[in-house]
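Biologist: I am new to this structure and would like to learn how to read its features. Please take me through them one by one.

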Amino acid sequence: MADLPASWREAALRPEISTQWRELQVRQLFRLTLEGLFFWTVGTLVKGPMTTRQIARSFLDELSAGSDLPKSAVSWVPGTGLAGNPVTLLRDIQTELQRRPRDPTQLVAALIHGLVFSLAEAPREAHQFESSDRLPLARARKDADSWKHLAPGEFLIRVIENWIMAQHAYWSVGRGLADARTRGKQIMRLRIIMDEGGWTLTPGTTTMGNPPQPTPDRLETAVSLLTECRRFEEINP
């Protein structure tokens with residue numbers, strides 16, 4: 001359902017549920033892309049503290065090992081949607097995150113493809129259920145539009161600082177406070193902090209940890225509810 005067959009290219013000709021399902025998968029792709037970039041960043045910082053510029057440079061070095069870099073980030077922020085299936089890109093990122101031994105060139109390439117596709121499919125405005133502090137895709141697209149004429153390194157610096165580090169700190173502190181209010185488990189959620197030498201891992205963080213995963217529980221629940229509401233039809237082979 002996340003594919004757009006030729007007969008469904010026109011919005012008026014395709015079922016509304018198809019559009020909504022594709023949007024859901026695109027949002028999931030964007031989230032997994034950012035979580036994958038955070039995971040990659042933790043692995044990069046295992047070697048020692050680095051500035052944002054150094055982190056961006058490391059990413060581009062790995063990316064350029066497999067392809068030529070554009071002169072600006074314009075090609076990373078397409079003006080229109082791209083042909084393809086977001087689920088395929090989700091699987092590509094998952095494959096590279098799980099690959100052993102890890103191929104850094106393939107991982108960063110999959111992350112860039114996920115980012116480009118997500119931004120191309122971003123809605124003009126955030127949905128009512130999306131909060132601006134959770135970085136909805138529409139807000140990310142507006143940010144990217146303001147950065148797209150920068151060189152790839154400068155574009156990535158802003159992605160890392162505004163989308164990765166800021167979101168990580170915001171949610172780590174917020175969830176930590178929520179744990180404290182409910183007297184829940186005292187979990188050290190913050191894994192990256194700023195030090196004199198730049199960004200560094202918090203004490204005790206010595207490995208990349210487990211790679212991020214999409215949220216199949218929510219998707220399974222969505223499919224179950226849609227089935228119960230008879231919005232899905234079973235087709236016998």
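**Reading the features**

Biologist: How many aromatic pairs does a search of the whole structure find?

Modeller: The search finds five aromatic pairs. Rings of Phe, Tyr and Trp (its six-membered ring) pair if their centres lie within 6.5 Å; planes under 30 degrees apart count as stacked, over 60 as edge-to-face and the rest as tilted. The pair of W40 and F59 is edge-to-face, because the ring centres are 5.2 Å apart and the planes stand at 85°. W40 belongs to helix α1 and F59 to helix α2, so this pair ties together parts 19 residues apart in sequence. W147 and W163 form a tilted pair, with 5.4 Å from centre to centre and 40° between the planes. This pair also links distant parts of the chain, as W147 is in helix α5 and W163 in helix α6 (residues 152–181), 16 residues apart.

Biologist: On what basis do such values rest?

Modeller: The model is predicted: local features need pLDDT of at least 70, side-chain atom pairs count only at pLDDT 80 or more, and totals for chains, interfaces and linings use all residues. Residues are numbered from 1 along each chain as its sequence is written, and side-chain values use heavy atoms, leaving out hydrogens and water.

Biologist: How many helices and strands does the protein chain have?

Modeller: Helices (H or I, at least four residues) and strands (E, at least two) are DSSP runs, numbered from the N terminus. The chain has seven helices and two strands, and along the sequence they follow the pattern α-α-α-α-α-α-β-β-α.

Biologist: How many of the 30 residues of α1 are buried?

Modeller: Buried means under 20% relative accessible area, exposed over 50%, and partly exposed in between (1.4 Å probe, protein chains only). In α1, 22 of the 30 residues are buried, so the helix is largely enclosed by the rest of the structure. Over the chain of 237 residues, buried ones make up 40%.

Biologist: Which residues have the most contacts inside the largest nonpolar core?

Modeller: In soluble globular proteins, nonpolar side chains tend to be buried together. A nonpolar core is a set of buried Ala, Val, Leu, Ile, Met, Phe, Trp, Tyr and Cys residues joined through side-chain atoms within 4.5 Å. Here the largest core has 50 residues, and those with the most contacts inside it are F59, W76, F155 and W163. The elements giving two or more residues to this core are α1, α2, α3, α4, α5, α6 and β2 (198–201). The largest share, 11 residues, comes from α1. Ring pairs also link F30, W76, W147, F155 and W163 into a cluster.

Biologist: With which residues is T52 in contact, leaving aside its neighbours within four places in sequence?

Modeller: Contact means heavy atoms within 4.5 Å. T52, in helix α2, is in contact with I157, I160, E161 and W199. A polar contact is a pair of N or O atoms within 3.5 Å; within protein, one must be able to donate a hydrogen and the other to accept it, and residues adjacent in sequence count only if both atoms are side-chain atoms. The side chains of T52 and E161 make such a contact, at 2.9 Å. T52 counts as buried, because its relative accessible area is 7%.

Biologist: What is the phi of L135, and where is the cis peptide bond?

Modeller: Most residues other than glycine have a negative phi, and most peptide bonds are trans. L135, in the loop between α4 and α5 (137–147), has a positive phi near 50°. At 0% relative accessibility, L135 counts as buried. The cis bond runs from R100 to P101, with omega near -5°; P101 is in the loop between α3 and α4 (104–120).
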